[in-house]
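Reader: I'd like to go through this one before I set anything up. Can you put it on screen?

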Amino acid sequence: MAIAKAGLQLRDFVLAPLAYSKTVLAEGQQEFGTILMDMGAGQTTATVVHDNQLKFLTTFPAGSENISRDISAVLEIGLHDADMLKLDAGLALSEMANADNKLVIQKVGAETPEQVSELMVAQIIEARLMQILDKLGEKLNLVGAFDLPGGVVVTGGGAALRGAPEAVKAAYQVQVKSFVPSDIGLRHPGYAGAWAIVHYAAQQTPVQLIVKEALYDLPLTVLGQPTLGRQVMSTPVQPEPRQAMQAVQPQTAEPVDASEYEQTSVENDESPKKQNPIRNFFKEFFD
């Protein structure tokens, strides 16, 4: 619905973790096995890739937005201020914080600003982050994902939090790398999702798109090439009424004597032939 309202045409479907795995991970990571963790705003997704295939997928309904809400609730500050505090001075591990560093906050309803320690903010962040990692770790451990040599690759907006890769490493005891798009203007892990989908779409061959068009019954358009596959017309074209159908409209003519038609049917070819209307209808209809 949103795509149609924007005046765009749906070209393809793709599972987001599949697009991530084919673009974010190197060939060796896809083959020997890697955990790809997308730390989003509302949820955190962990995907296990092995033998160039998606082997396991699990999500937990909490992400970086929940961390901001925790800071807002504990420190009694606005959600926007909590989000800015997290991004500017937040740390994923309390052991990385310095208790002597003071941060200025403005509590809701307070007339004057107050100070909190960097350590306190880090403890709030760490508590929520470790809950997320522990819940995902339980599922990943069941499938032996931590035995894969590729370790964990973290991406998403939550990965921009200082100390996030170190927190993942502390929780899982495996090597951890973060992925950031290298394109100019996109050098932030939060853009990794859109970057991955665009690159995945660009890698699709015309043959792959034709197969998907047949599976999903989608209109297929390949940039720079003629339209392939079935085309979906915006407005169905109604067939024009056949001429023969007009010949069977109810008429008020008097009954016709059959003997009259038998006599006129043997006249020469130059004169117009007078035919039975019912016979003419069936003749035109089956033609």
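This is a predicted model: local features need pLDDT of at least 70, side-chain atom pairs count only at pLDDT 80 or more; totals for chains, interfaces and linings use all residues.

Reader: Start with the largest nonpolar core. Which residues touch the most other members?

Author: Met-37, Ile-71, Leu-75, Leu-85, Val-152 and Tyr-172 do, in a core of 41 residues.

Reader: And which helices and strands each supply at least two residues of this core?

Author: The helices are helix 4 (64-75), helix 5 (79-89), helix 6 (118-142) and helix 7 (164-172). The strands are strand 1 (34-39), strand 2 (44-50), strand 4 (102-105) and strand 6 (152-155).

Reader: Which gives the most?

Author: Helix 6, with nine residues.

Reader: Back to Val-152. What does it touch, leaving out residues up to four places away in sequence?

Author: Val-152 touches Ile-35 and Met-37, then Val-168 and Tyr-172, and also Val-174, Gln-175, Val-176 and Lys-177.

Reader: What other core lies apart from the largest one?

Author: One of 10 residues, with Val-24, Val-153, Ala-192 and Ala-196 among them.

Reader: Changing topic: backbone. What is phi of Asn-52?

Author: Near 60°, which is positive, and Asn-52 is not a glycine. Asn-52 sits in the loop between strand 2 and strand 3 (53-60).

Reader: How exposed is Asn-52?

Author: Partly, at a relative accessible area of 38%.

Reader: And Glu-76, where is that?

Author: In the loop between helix 4 and helix 5. Phi of Glu-76 is near 60°, again a positive value in a non-glycine residue.

Reader: What is the relative accessible area of Glu-76?

Author: It is 46%, so Glu-76 counts as partly exposed.

Definitions and conventions:
Residues are numbered from 1 along each chain as its sequence is written. Side-chain values use heavy atoms; hydrogens and water are left out. A nonpolar core is a set of buried Ala, Val, Leu, Ile, Met, Phe, Trp, Tyr and Cys residues joined through side-chain atoms within 4.5 Å. Buried means under 20% relative accessible area, exposed over 50%, partly exposed in between (1.4 Å probe, protein chains only). Helices (H or I, at least four residues) and strands (E, at least two) are DSSP runs, numbered from the N terminus. Contact means heavy atoms within 4.5 Å.
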